Amino acid sequence: MTKITSTTSTKKAIRENETANHTIVVKLGTSVLTGGGLTLNRAHMVSLVRQCAFLHQQGHKIIVVTSGAIAAGRAHLNYPELPKTMASKQLLAAVGQTRLIQEWETLFDIYGLNIGQMLLTRADLNDRERFLNARDTLVALLDNSIIPVVNENDAVATTEIKVGDNDNLSALVGILAGADKLLLLTDQPGLFTADPRSNPHAELIREVHTIDETLRNLAGGSVGGLGTGGMATKLQAADVARRAGIEVVIAAGSRPDVIIEIANDQSVGTRFLPLECPLESRKRWILAGPPPAGDIIVDGGAMTALTERGSSLLAKGIIEIKGTFQRGEVARIFDTNGKLLARGLCRYSSKDLVLIAGKHSHDIYQILGYEYGSVAIHRDDLVVI
């Protein structure tokens, strides 16, 4: 077994935080794993594994969310000319995923650590039972000192069931694991006030308390063209994770000891503070699991009741229904200006809600001939955004 080492400054930080053991999700983008090249950079992957192993030895629980399957497959097949289709990507992912996981297994074995592969799709998170099963597997691996290595199951995922990028997947994994920290490692030092590639006066944003439209406008696309996520998807992931009480840091994966530094609360990259009141398990699933099936537009009174008083959504406050959805599916709730207010599990179908919109709760049975309760969405099934 190889001895694990760290820098002097890192050792000092670890001594100061040695009692704070956390569950940490480390998301590694394709650009980080390849160093900007076309093939996996094994030397850099060894450095990343060494850092994860060091933190594991300190008592932290580490989860790796890895990109790179398609890049590994393309390199292994000697960069074949393939049609730009979903089937071609799935072919490369099927070939590359085995190479990628073998590489991780070999590297973690240097430090005497076992890994467990988890391949997920959106469908695994949409269904409540499958969500809980995935969570139980993840927790079991961590409890047995096994490093979960997670990737999206690109070889079988279709557009309808894809998470779409590993930034958002890592946020969902963080929610599954009840993580304390999510590290989004990329080819940039963090989020800047402007594009640092074209603006020499751009400054690194060290800490973020609120994710708003101004911040989203600062996010650009993927730089290297190797992965599917840019800074915009990292903001999406950070927004989801911090609502579940997870601290998020975007930082450069090429920085020496970056994982250890962030784990020990050193000022690295851009830090997104978690919300003060993390969501309970059921609401985490509503936020992170199923995509919305439709939209509900509400009036000012309902908006105030939802956002300021923590009330349930009543039919009387509904102005308009968009989309078609069934009872028990997730819908988004907007105000009349198009601002997203909440997500929730509907007690009535869209067809029913069209009929009872604007009506008092005691009129529901008379209108429909049946009722599933006096509210359209109960506050226990609702996440205010």
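What covers the buried residues of helix α4 includes α2 (30-34), α5 and β4. The buried residues in question are Ala69, Ala71, Ala72 and Gly73, where buried means under 20% relative accessible area, exposed means over 50% and partly exposed is in between (1.4 Å probe, protein chains only). Helices (H or I, at least four residues) and strands (E, at least two) are DSSP runs, numbered from the N terminus. The model is a predicted one, in which local features need pLDDT of at least 70 and side-chain atom pairs count only at pLDDT 80 or more, while totals for chains, interfaces and linings use all residues. Residues are numbered from 1 along each chain as its sequence is written, and side-chain values use heavy atoms, with hydrogens and water left out.

Next comes the pairing of α4 with α5. Two packed helices are described by the angle between their axes and the distance between the axes. Here the axes of α4 and α5 come within 6 Å and cross at roughly 90°; axes are lines fitted to C-alpha atoms, for helices over the stretch in contact, and angles run from 0 to 180 degrees between N-to-C directions. The two helices, α4 and α5, are therefore roughly perpendicular to each other, going by a scale on which angles under 35 degrees count as roughly parallel, over 145 as roughly antiparallel, 65 to 115 as roughly perpendicular and the rest as oblique. On the α4 side, the contact is made by Ala69, Ile70, Ala72, Gly73, Arg74 and His76, with contact meaning heavy atoms within 4.5 Å. On the α5 side, Lys89, Leu92, Ala93, Val95, Gly96, Gln97, Arg99 and Leu100 take part.

Just after α4, asparagine 78 takes a positive phi of about 65°. Tyrosine 79 sits in the loop between α4 (69-76) and α5 (86-109), and its phi is near 55°, a positive value in a residue other than glycine. With a relative accessible area of 32%, tyrosine 79 is partly exposed. Aspartate 257 also has a phi near 55°, again positive in a residue other than glycine. Aspartate 257 lies in the loop between β7 (247-252) and α11 (258-263), and at 3% relative accessibility it counts as buried.

Back to β4, one of the elements covering α4. In strand β4 (residues 147-152), 6 of the 6 residues are buried, so the strand is largely enclosed by the rest of the structure. In a regular strand the side chains alternate between the two faces of the sheet. Both faces of β4 are covered, with Ile147, Val149 and Asn151 buried on one side and Pro148, Val150 and Glu152 buried on the other. Two strands pair if DSSP finds at least two bridges between them. Strand β2 (residues 61-66) runs parallel to β4 and is joined to it by 2 bridges, with valine 65 standing opposite valine 150. Strand β3 (residues 115-120) pairs with β4 over 6 bridges, also in the parallel sense, and leucine 119 has asparagine 151 of β4 as its bridge partner.

Leucine 368 belongs to helix α15 (residues 364-368) and, at 14% relative accessibility, counts as buried. Leaving aside neighbours within four places in sequence, leucine 368 is in contact with Tyr348, Asp352, Leu355 and Ile356. Leucine 368 and aspartate 352 are 16 residues apart in sequence and 7.2 Å apart in space, C-alpha to C-alpha.

For the chain as a whole, the tally is 15 helices and 13 strands. Buried residues make up 51% of the 385 residues. Among contacts between residues at least 6 apart in sequence, 72% join residues at least 24 apart.
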